[in-house]
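The following paragraphs lead through one structure, chain by chain and then across the chains. Please keep the sequence and the coordinates in view while reading.

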Amino acid sequence: MADLPELLPVETGYKKVLRARLALMWLVLTAGALIAGYALAGSTRFAMLIPAAVLLAGLLAVATVPARIHRRLRYGLSERLLQVVRGWLFHTDTVVPLVRVQHLDVVRGPFDKMFGTATLVLHTAGTHNSTVTVPGLAPERAEAMRDIIRDHVRTDFA
Amino acid sequence: MSAPTSPDEGAVGPPERLHPLFLIKGLRRSLRSLGGAYALIAYLAVSGRWSTAVIAAVAILLLGVGGTILYWSRFQFRVGQDEIRIDSGVVNRRHRSIPFDRIQDVDIVQGPLARVLGLAEVKFETGGGGEGPRSEEGVLHAITLERAEAIRRLVRGRRVSALEPARTAEERPPIYAMSAGRVLLAGTFNFSLAVFAALIGFTQTVGQPLGIDPFQESFWRDLVAASAPLEQFALTHRLAGIAAGIALLLLLGLATGIVRTLLRDYGFRLDGTGTGLRRRRGLLTKTDVTLPVKRAQAAIVASGPVRATFGWSELFLQSLAQEERSRGNHELAPLAQPAEVDAILEEMGWLPIPPAPRWTRVSPAYVWSFVLALSPFLLVVVVQAVTVWPMAVIFSLGLFALVALRALAWRRIAYALDGERLLMRSGWWRRRLVILPKSRIQSIDYTENFVTRRFGTATLQFGVAGGSAATHLIPAIPSAAARALRDDLLGSAP
């Protein structure tokens, strides 16, 4: 029996990061829909119908999705393993033995900086799952985890 | 020469150039890379501007020759004490040094022309992979075969001298070899319609200006009309015509498979070198490749329903070492009997495939979830039944065939633990047996979604290094069993 780690939730700030990202994405989509709407049905009064629908869907997504993603996102780090659990509709539960890690990154995008989070990225040699990410960590926590995992990194390939 | 002059010139070795006959090969290479220009020439020629076409052709030829000579004159390599240095490039100079320690092996490839001229292409396998154009990573395009073999001996000597007592004798019988008959047999299993893909590609690029377009009915009509008796014949014997067409298709597919296999696998021979396997094969282009066993990540035994009936299967390795085209999949035996597969595995230091592993089958949810996914098409059948009922019959037969194939595949999907290895069996038409050592598992994904959760099953997906063709997964395992299997596999990780 492998000693699976205790699973922890990520920072609440990650919800804001997700919200910002989603908002940006849906803004672009709405703009696209506006252009498409006018190009297809500019003279009729349906021109605003598609962009309005897209905007509504976007608002709904921004309001509900981040909390759902955050609620289902869990990570755990034990002596030998890193586990990342995410999603319900499409549930994925990834386990990486720490000795298999090739190298590590701590990534902070503009939104991460704004809301005080960081993403830990693990690179394995596998073709499938060659990168495993743990988003929404406090920056200090991400760096601490990186240091813990770094001690386990070793290449056992010829 | 702007080659970097290091203080200890002796350790670096004297500069060498590629063989002058590289010009022939290099010219071919550079002419081949100008694909678009030929279309232009063809267009000019077809549209009657002959003089312009000739000028363009001559210009391209001169450009090719000049470029190749320039490339040759600026290409130098040195074989030093601990490394090989390659200086190349006309405008952007590139000085590459490859330490012997990092060279996994030296591959020697001889095309038909190179064999006539006694030249060979040498590739240094470093296993770096991934970054930039891999083709230019340590390749000496044309040197004499003797020099190539000398370099290989040197590199191998440097690499193994500390580890290995001596190289095994060349005269040892091969672990696996294919007779000409076996190659032909392998060819019959490699049925391929690639010829048609090539033909379609050809007509699309070249055909249009020449007025050949097999996708226009008028093209065939004109062709047939040009021979009136044939037209009569074709119209009266339609059924026979269709049958003949299918037969021709099958025959062509068979012939393509045989020719392709013959070209690639003729004289297939696999030898053990102590730390790796040496594979030689090829009819016109001979390749001589050594596959380091230590870099093997998984072994895959592939077969099909017909081949399996006669006990034939194909063996390849998923390896970190990259090979031309087949990205990390190294063929060890195109057509082998179980005993031969076991012999190759034994040479690699792997255990043979157990005769009757304790297979655990997966849940029938594998079939039922597929039926569920297809169920919307039933609606189509109902609509067709009301409107055009013959279509409904054909369509529902098709659906039934899909489900039947899925059920056949389900009967074969299974996994088993065999000591420190995981065995995975899958597929009915494309049969695979994957032998995956536990220590080669990079990560494990346990995935389920809103459909599989209803059935209480999950999919395990394994991250394995090297290779891109195969994703290793076991579908539709009952979730508790899946978690237990995952824990078991990770439990033995060092």
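What share of the contacts in chain A with a separation of 6 or more is accounted for by residues 24 or more positions apart? In this predicted model, such residues make up 58% of those contacts. Chain A holds 4 helices and 7 strands, and its elements follow the order β-α-α-β-β-β-β-α-β-β-α from the N terminus. With a radius of gyration of 20 Å, well over the 15 Å that the globule rule gives for 158 residues, chain A is more spread out than a compact globule. Its C-alpha atoms fill a box of roughly 65 × 35 × 30 Å along the principal axes. Of the 158 residues of chain A, 27% count as buried.

The average pLDDT of chain B is 79, and 82% of the residues score at least 70. Two stretches call for caution. Over residues 128-135 of chain B, pLDDT stays under 50, and the model has 4 contacts beyond four places in sequence for them. Over residues 161-169 of chain B, pLDDT likewise stays under 50, with 5 contacts of this kind. For the complex, the predictor gives an ipTM of 0.79 and a pTM of 0.71.

Because 7 of the 7 residues of β6(B) are buried, the strand is largely enclosed by the rest of the structure. B:L119, B:E121, B:K123 and B:E125 point one way from the strand, while B:A120, B:V122 and B:F124 point the other way. Strand β5 (residues 105-110) of chain B pairs with β6(B) in the antiparallel sense over 5 bridges, and B:D105 has B:E125 as its bridge partner in β6(B). Strand β7 (residues 139-144) of chain B also runs antiparallel to β6(B), joined to it by 4 bridges; here the bridge partner of B:K123 is B:V139.

A helix of chain B comes next. Helix α11 (residues 238-265) of chain B has 28 residues and spans 40 Å from its first C-alpha to its last, close to the 40 Å expected at 1.5 Å a residue. An α-helix has 3.6 residues a turn, so residues three or four places apart point the same way. In α11(B), the buried residues are B:G257, B:I258, B:T261, B:R264 and B:D265. The buried residues of this helix pack against α7 (180-189), β10 (276-281) and β14 (329-336) of chain B. Just after α11(B), B:G267 takes a positive phi of about 70°.

The two chains meet in a sheet. Seven strands form an open, antiparallel sheet in the order β1(A)-β2(A)-β3(A)-β4(A)-β19(B)-β20(B)-β21(B). Its edge strands, each pairing on one side only, are β1 (8-9) of chain A and β21 (472-478) of chain B. Between the chains, strand β4 (residues 90-97) of chain A and strand β19 (residues 441-449) of chain B run antiparallel and are joined by 6 bridges, with A:F90 opposite B:N449 in β19(B). Helix α18 (residues 479-491) of chain B packs on this sheet, touching β3 (81-86) and β4 of chain A as well as β19, β20 (457-464) and β21 of chain B. The direction of α18(B) makes about 170° with that of β19(B).

Technical notes: Residues are numbered from 1 along each chain as its sequence is written. Chains are lettered from A and ligands numbered from 1 in the order in which they are written. This is a predicted model: local features need pLDDT of at least 70, side-chain atom pairs count only at pLDDT 80 or more; totals for chains, interfaces and linings use all residues. The expected span of a helix is 1.5 Å times one less than its number of residues. A residue is buried if 20 or more other C-beta atoms lie within 10 Å of its own, exposed if 12 or fewer, and partly exposed in between; C-beta atoms are placed from the backbone. Two residues are in contact if their C-beta atoms, placed from the backbone, lie within 7 Å. The radius of gyration is taken over C-alpha atoms; the globule rule is 2.2 Å times the number of residues to the power 0.38. Two strands pair if DSSP finds at least two bridges between them. pLDDT is the predictor's confidence in each residue, from 0 to 100. Axes are lines fitted to C-alpha atoms, for helices over the stretch in contact, and angles run from 0 to 180 degrees between N-to-C directions.
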